[in-house]
Amino acid sequence: MTGDVVIRTRDLTMSYGNKRVLDGINLEIHRGEVVALLGANGAGKTTSIEILEGLRSPTSGSVEVLGVDPLHASVEHRAKIGVVLQSWRDHARWRVREFLHHFFVLHAPFRPEGGWEVDELLERVGLADKARSRILSLSGGQRRRLDVAVGLIGKPELLFLDEPTVGFDPHARREFHELMHELADVRETTILLTTHDLAEAERLADRILILHAGRIAADGSADALAREVAGTTEVRWRIGQDRFVHATDAATRFVRELLTREPDVEDLEIRRTTLEDTYLTMVAQHSAAAAEEAAR
Ligand SMILES: Nc1ncnc2c1ncn2[C@@H]1O[C@H](COP(=O)(O)OP(=O)(O)OP(=O)(O)O)[C@@H](O)[C@H]1O
C-alpha cells in the first residue's frame, strides 16, 4: 500500500440521538485501492459513506477525503468524487441518454482528461439499447446500471458505491466487476463499496473492512483475514466411521502427507475458506470480545 492517502478518518464517531453507530473509526484508504465495507444491516455502512461524502456531519472526530474535510468541499472538489447511493432518484419520465447527458453537462466544467463520453459509458454499463427509453420503463437492475453510469460520468478519482449491484443479473454483475477492475487497475480510481454479497466482495476488493458494533472488527485482504481465522483451506476426510477436518494454508502438502500416512483415507474434500466463513467467524469473535470487555 504505497499510494497517496485518499480517505483518512481519525476517531470518527457518529450517534443518532443517544444511539452510537460509529465508535472511534480510524481508517486510511490509499489511491487505487478497492475496499469493501461489510457489516450486518444497521452496522453503519451507509452512515459511514454519507459522512465521507459530506452528506452527514459526524458527532466527533476528523475526516479527510482527497485532502479536504468533505463538509466544506468546493464544487470542483466534489466533481472528483462519484457516488452511487442506495436510494433511487425520481426521474421517471426522463429518457436514459438525456438523463446521463444532463450529468455529463453538469460535470463539463471540471471534465478531466480521458473522461467518459455519454454513449461510450452507456455501452459499458450495458444500456446502449435503452438510450431512448424512459427511465420508468427500465427494470430494477437496468435502473441500477444507470445509477452506476451517473456515478462514473465525471471520471471520478474516488467512487463510493452503496450496494451497487442489487438487482443485477449474472451477466451484468460480471461486466460490472470487469469495469471496476479496469477503473482501479488502469485509471487508479479508488473505490469504496458496501455489499452484502460476500462472493462479490471477495472477487472485487483488495481489502475488506468489517464494521461491527461501531468499530472496525477486521481489516485486510480476504486471504489474510482467512489466515487470521484459521487456514485458508479446509481439508475433510473419513477413515472408516471417523470423520476429520483440518484447516491449513498448505493444502497440497498436507494432503500428500496425509495420503502417505493414512492409506485408508476416503471422501477426501478440499474446500477453500470463503469470505462468508471468515466473516461469520470474525463477527462472532468480535461480539464475544466486546461482551467480555463490557462485563469487566
Ligand atoms: N437518519 C437517521 N436517524 C436515526 N437513526 C438512523 C438514521 N440513519 C440511520 N440510522 C440508524 O443507524 C444505524 C446504522 O444505519 P446504516 O443505514 O448506516 O446501516 P447499514 O450498515 O448501511 O445498514 P444496511 O445494511 O441495512 O443498509 C441503524 O441502526 C439505523 O437505524
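In strand S11, Thr 248 is the bridge partner of Thr 233. This pairing belongs to strand S10 (residues 233-239) and S11, which run antiparallel over seven bridges. Strands here are DSSP runs of E with at least two residues, helices are runs of H or I with at least four, and both are numbered from the N terminus. Two strands pair if DSSP finds at least two bridges between them.

Before going further, a word on the model. It is predicted, so local features need pLDDT of at least 70 and side-chain atom pairs count only at pLDDT 80 or more, while totals for chains, interfaces and linings use all residues. Residues are numbered from 1 along each chain as its sequence is written.

S10 and S11 sit in an open sheet of three strands with the order S11-S10-S12 and antiparallel pairing. Its edge strands, each pairing on one side only, are S11 (242-248) and S12 (266-272). From one strand to the next, the twist averages 15 degrees. Helix H9 (residues 251-261) lies across S10, S11 and S12, at about 15 degrees to S10. Angles run from 0 to 180 degrees between N-to-C directions, with axes fitted to C-alpha atoms, for helices over the stretch in contact.

**The six-stranded sheet**

The other sheet to look at is open too, with six strands in the order S5-S6-S7-S3-S8-S9 and mixed pairing. Strand S5 (81-84) and strand S9 (215-220) are the edges, each pairing on one side only. Here the twist averages 15 degrees from one strand to the next. S5 runs parallel to strand S6 (residues 158-162), and four bridges join them.

Helix H1 (residues 45-53) lies across S3 (34-38), S5, S6, S7 (190-194) and S8 (207-212), and runs at about 150 degrees to S6. Helix H5 (residues 140-152) lies across S5 and S6, running at about 165 degrees to S5.

| Helix pair | Angle | Axes apart |
|---|---|---|
| H8 (residues 222-229) and H10 (residues 275-295) | about 50 degrees | 9 Å |
| H3 (residues 96-107) and H5 | about 25 degrees | 9 Å |

H8 and H10 are therefore oblique to each other. Under 35 degrees counts as roughly parallel, over 145 as roughly antiparallel, 65 to 115 as roughly perpendicular, and the rest as oblique. H8 passes H10 in a left-handed crossing, meaning that the near helix is turned anticlockwise from the far one by less than a right angle (clockwise would be right-handed). Ala 222, Leu 225, Ala 226 and Val 229 of H8 make the contact with Leu 275, Thr 278, Thr 281 and Met 282 of H10. Residues are in contact if their C-beta atoms, placed from the backbone, lie within 7 Å. Six of the contact residues are nonpolar, two polar and none charged. Nonpolar covers Ala, Val, Leu, Ile, Met, Phe, Trp, Tyr, Cys and Pro; charged covers Asp, Glu, Lys and Arg; the others, Gly among them, are polar.

H3 and H5, in turn, are therefore roughly parallel, and H3 passes H5 in a right-handed crossing. In this contact, Val 96, Phe 99, Leu 100 and Phe 103 of H3 meet Leu 146, Ala 149 and Val 150 of H5. The contact of H3 with H5 has seven nonpolar residues, no polar and no charged.

Definitions and conventions. Contact = placed C-beta atoms within 7 Å.
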